[in-house]
Amino acid sequence: MKRVIEADGMCCKRCAERAERKLLLLDGVTGAKANFKKGIIFVETVLPDDALAACVNEAGFKVTRIRARRGLFD
């Protein structure tokens with residue numbers, strides 16, 4: 001399932017990379033791509049939202065919302 005995590009505190013490319021690396025360490029996450037300018041992280045996972053939020057919070061960012069990703073091909 002594709003999810004979008006909205007997070008506060010990502011101020012640069014290194015922050016975005018830290019969030020991506022942290023998420024990719026979780027079993028059940030197959031992809032993660034962060035955009036620090038928009039404050040969002042795109043995630044492909046089978047994990048529940050609370051596990052994703054805990055991981056991102058542990059990386060040093062504040063999760064404000066997690067929602068389903070909607071796109072042309074989803």
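Val43 is found in strand 3, where strands (E, at least two residues) and helices (H or I, at least four residues) are DSSP runs numbered from the N terminus. The structure is a predicted model, in which local features need pLDDT of at least 70 and side-chain atom pairs count only at pLDDT 80 or more, while totals for chains, interfaces and linings use all residues. Residues are numbered from 1 along each chain as its sequence is written, and side-chain values use heavy atoms, with hydrogens and water left out.

Val43 counts as buried because its relative accessibility is 2%; buried means under 20% relative accessible area, exposed over 50%, and partly exposed in between (1.4 Å probe, protein chains only). Val43 lies 39 residues from Val4 in sequence, yet their C-alpha atoms are 6.2 Å apart in space. Apart from neighbours within four places in sequence, the contacts of Val43 (heavy atoms within 4.5 Å) include Met1, Ile5, Leu23, Val29 and Leu52.

Ile5 touches Val43 in turn, and also, among others, Leu23, Ile41, Leu52 and Val56, not counting residues up to four places away in sequence. Ile5, Met10, Leu23, Ile41, Leu52, Val56 and Phe61 touch the most other members of the largest nonpolar core, which has 21 residues. Such a core is a set of buried Ala, Val, Leu, Ile, Met, Phe, Trp, Tyr and Cys residues joined through side-chain atoms within 4.5 Å. At least two residues of this core come from each of strand 1, helix 1, strand 2, strand 3, helix 2 and strand 4. In soluble globular proteins, nonpolar side chains tend to be buried together.

The strands form an open sheet of 4 strands in the order 2-3-1-4, with antiparallel pairing; two strands pair if DSSP finds at least two bridges between them. Strand 2 (29–35) and strand 4 (62–68) are the edge strands, each pairing on one side only. Two of the pairings are set out below.

| Strand pair | Bridges | A bridge partner pair |
|---|---|---|
| Strand 1 and strand 4 | 6 bridges | Asp8 and Lys62 |
| Strand 2 and strand 3 | 6 bridges | Val29 and Thr45 |

The hairpin of strand 2 and strand 3 has 4 residues between the strands, and Gly39 takes a positive phi near 70 degrees there.

Helix 1 (residues 13–24) lies across strand 1, strand 2 and strand 3 (40–45), and runs at about 170 degrees to strand 2. Helix 2 (residues 49–58) packs on the sheet and touches strand 1, strand 2, strand 3 and strand 4, with a direction at about 150 degrees to that of strand 4. These angles run from 0 to 180 degrees between N-to-C directions, with axes fitted as lines to C-alpha atoms, for helices over the stretch in contact.
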